[in-house]
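Notebook open, new chain on the screen.

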Amino acid sequence: MSIHTKKVAKKVTLRTIAKMKGVEPITMVTAYDALFAKLFDGHVDMILVGDSLNMSFLGKDDTLSATMDQMIYHTQAVCNGASLPLIVLDMPFGSYTSKSEALKNATRAYQETNAQAVKIEGGKERANIVKALTENSIAVLGHIGLMPQFVRADGGYRVRGKEKTDIDLLIEDAKALEAAGAFAIVVEGVKSEAAKAITDAITIPTIGIGAGLECDGQVLVWSDMFGFFEEFKPKFVKRYCNGAELIRENLKKYTSEVKNREFPSKEYIY
Ligand code: KIV
């Protein structure tokens with residue numbers, strides 16, 4: 001079995017992830033419930049309980065109204081379903097506006113779920129928050145580049161790292177997060193040259209989404225990659241299957257069998 005298809009056999013820890021930089025690409029997907037977390041268990045290195053659930057599960061237009069209670073509820077479900085991947089709870093918008101607010105909420109994440117880390121969006125302006133958490137024994141995954149929690153303030157989603165000046169800013173952000181103790185950084189929606197420059201500039205792993213091949217790992221939102229979220233498809237999303245179509249076809253079969261009194265047939269009756 002090649003390294004690229006092997007199952008993850010042991011619990012993935014922060015140390016495992018640190019050692020993978022430059023050795024083996026890190027795989028990460030999102031999950032929001034125990035059912036899918038169980039399907040992913042042993043097949044990916046990390047699971048992110050992303051605040052993207054606010055869009056794909058709750059049907060909102062952006063992630064901004066996700067709450068700490070919501071993130072805790074879904075992370076508990078994911079932890080019930082998966083035991084091997086490193087599980088990260090995404091801190092929602094407004095839950096880390098100050099060091100004390102961040103500490104209070106991230107402490108809840110550790111005490112009320114089995115997540116091993118939390119994720120925070122922001123670069124050098126958030127380094128003090130990241131430091132406050134890591135100094136209090138809470139592991140942090142950073143998130144720079146295109147940051148969905150900034151969508152209203154930025155007036156939309158914008159690909160980053162097109163010019164040298166912006167690449168330099170992103171590198172500064174990554175270095176500040178590394179110095180603050182982040183164990184890895186999600187790099188979203190940046191030109192691949194920028195992602196490479198960031199990855200080369202720091203010693204902790206980068207996990208790309210819409211950031212090309214040069215990151216130390218990749219993350220995708222499960223409902224995007226399996227074709228369940230149909231509202232829009234960003235260029236970087238590869239649909240590995242058409243989940244929505246599969247469900248529609250089979251739902252049609254079910255409803256027609258019920259209408260025609262074919263289901264339940266003998267084998268499904270006590
Ligand atoms: O919320 C989320 O799913 C994320 C990923 C896009 C990285 O932050």
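I take the radius of gyration over C-alpha atoms, and the globule rule as 2.2 Å times the number of residues to the power 0.38. For 270 residues that rule puts a compact globule near 18 Å, and the chain has 20 Å, so the two agree. Along the principal axes, the C-alpha atoms fill a box of roughly 65 × 45 × 40 Å.

Ground rules: this is a predicted model, where local features need pLDDT of at least 70, side-chain atom pairs count only at pLDDT 80 or more, and totals for chains, interfaces and linings use all residues. Numbering runs from 1 along each chain as its sequence is written, and side-chain values use heavy atoms, with hydrogens and water left out.

I looked up the secondary structure: eleven helices and eight strands, read as DSSP runs numbered from the N terminus (helices H or I, at least four residues; strands E, at least two).

Next, burial. I count 50% of the 270 residues as buried, where buried is under 20% relative accessible area, exposed over 50%, and partly exposed in between (1.4 Å probe, protein chains only).

Then the backbone. Ser-137 counts as exposed because its relative accessibility is 61%.

Arg-261, in the segment after α11, is another non-glycine with positive phi, about 55°. Its relative accessible area is 78%, so Arg-261 is exposed.
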